[in-house]
Amino acid sequence: MQLKLHNTLTKQTEVFTPLDPENKVVSFYTCGPTVYDFAHIGNFRAFLNADVLRRSLELLGYKVNQVMNITDVGHMTDDSVADGGGEDKMEVAAARFAEAKKSGELPDGVSVNPNDPEAIAEFYTNAFMQDSEALGMRIVGDAKQNPSLMPRPTQYIQEMIATVETLIASDHAYVASDGVVYFSVETFDDYGKLSGNTVETLRSGEGGRVDMATQEVKRSPVDFMLWKPDATHLMRWQSPWGEGYPGWHLECSVMANSLLGNEIDLHSGGEDNIFPHHECEIAQSRCVTGCDAFSRYWFHTRFLLVDGSKMSKSKGNFYTLRDLLDKGATAAAVRLELIKTHYRSNANFTMQGLKDSQRQIDRWRRLKDWLTAHREVASPENGPLQIAREQFVNALCDDLNVSGAIGALNEAVNVYALDAEPEPKGASTLQSELDALLEMDSVLGVLDLVAKGGSGDINVEEVDALIEARLTARQEKEWNRADEIRDELLKMGVAIKDGPTGTTWSRIVQ
Ligand code: AMP
Ligand code: ZN
């Protein structure tokens, strides 16, 4: 079975063939988070789709060497537009911490010195690792064995400086009159191949963003920053161009090439990474390595919307995994909700969708428990789940059609009437059906999470039903019954609160 994947670089859906097809090894670089805040569910959509791609390749028998950076350098909030414009993200985080300290309320009661960017980065890195593990991202398990698989750019500053020196020596970069080192875009013919933003379209303004502030000093307005001397920046390092900090794009080029080789198989990110970040990564890496490709395939996830619009704190539709767990969701349901829409379409996150995902998982789990209990019972050869497994893999091979894969699984689930005792028949046993189910879950990764418990296995539907029953009991003045239900909820790990707009509930966090 061959995986077909849409390649942003060629704009075609292609058969995926790695550089080392014989050994079935795949090198995969995933652009990771900037750890200056909690990752939100939009970020996790991009990371989880990369995880689903990795798991699909593993199901097809590939060994995937995946690297994901944890950006702990304070890049700028306007980095995608300007050359070092806006605010330093770490300074933004530091200000938030200082404010929280003043009001005596640091996030999660953790004390972090607001003047210590490393401590802030570490705080959010730990939070990211916990959330990623809760959501079943396989890379976290790898990084526990080999931390270099989730590298920090602060550990690669010398390699970045060496790369800038190489680019200057080969005339792909220059020091401008403002002392900043820029990459000279016109020295790289393939600039624009990934995003369609060629030097010409960018110049004429069609491609969007050119930083006006630095136009004067650059050879070309589209040249981008590699190193910026700045003695006031919160995080800065010594360099041949003065104390300062690296351009945002540099770290991914340097870490991908250092850890995975000059030419890699796969590179992923969210759609906003295509330009300028990935376009610039390609330019930097190829001018240093001299290879025809930096990454051979590019995989980009479209944005997650919430209730049909962009997530924003002011709209109150901005969620982290933690927010959703506090509302009683399970990490398994959040995972399924974030992966079930095709990665090249916008996904729309809703609370109703999350409930549907939970219901879906509960059904699969009931079938898994039933098959486990009856695993030795004889069944026809090539039963429904084994047939579904083939359709499931076919759907994934069709540019990661996850919803088609889930559809195939559900058709098989519908065949099983779980209340009926299975009739012994056939040469095979239900163990083969259970194996097929678990194999499909090795990509979806949800039953696995439920089995691990971890993030709590609270059934949202059940909680809603109990709250409803308690309300009815109270209306009928059956106070003892109402208290019993509250105790039952407490035993499930759910605390309730009666307020003017009704009863709300939250997971009891230990
Ligand atoms: P950042 O920490 O801002 O660099 O973002 C980390 C990753 O999340 C990047 O690959 C972004 O492209 C991706 N991302 C950010 N917002 C969203 C969103 N709403 N939906 C999907 N991916 C997103
Ligand atoms: Zn990156």
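## The zinc site

Let's start with the metal: in this predicted model, the zinc ion (ligand 2) is held at 2.1 Å by Cys 31 (SG), Cys 252 (SG) and His 277 (NE2). Donors here are N, O and S atoms within 2.8 Å of the metal (3.2 Å for Na, K and Ca), and water is not among the atoms, so sites may look incomplete. Along the chain, the donors of this zinc ion are spaced as C-x220-C-x24-H. Cys 252 belongs to helix 7 (residues 248-260) and His 277 to helix 8 (residues 274-289), so the pair ties together parts 25 residues apart in sequence. Helices (H or I, at least four residues) and strands (E, at least two) are DSSP runs, numbered from the N terminus.

Four strands make up an open sheet in the order 5-6-7-8, with antiparallel pairing; two strands pair if DSSP finds at least two bridges between them. Strand 5 (173-175) and strand 8 (244-246) are the edges, each pairing on one side only.

Strand 7 (residues 224-229) is joined to strand 8 by three bridges, and Lys 228 has Tyr 245 as its bridge partner in strand 8.

## The hairpin

Strand 1 (residues 4-7) and strand 2 (residues 12-15) pair antiparallel over four bridges, with Lys 4 opposite Val 15. Four residues separate these strands in the hairpin, and Lys 11 in the turn has a positive phi of about 60 degrees.

## Conventions

Residues are numbered from 1 along each chain as its sequence is written, while chains are lettered from A and ligands numbered from 1 in the order in which they are written. In this predicted model, local features need pLDDT of at least 70 and side-chain atom pairs count only at pLDDT 80 or more, whereas totals for chains, interfaces and linings use all residues; side-chain values use heavy atoms, leaving out hydrogens and water.
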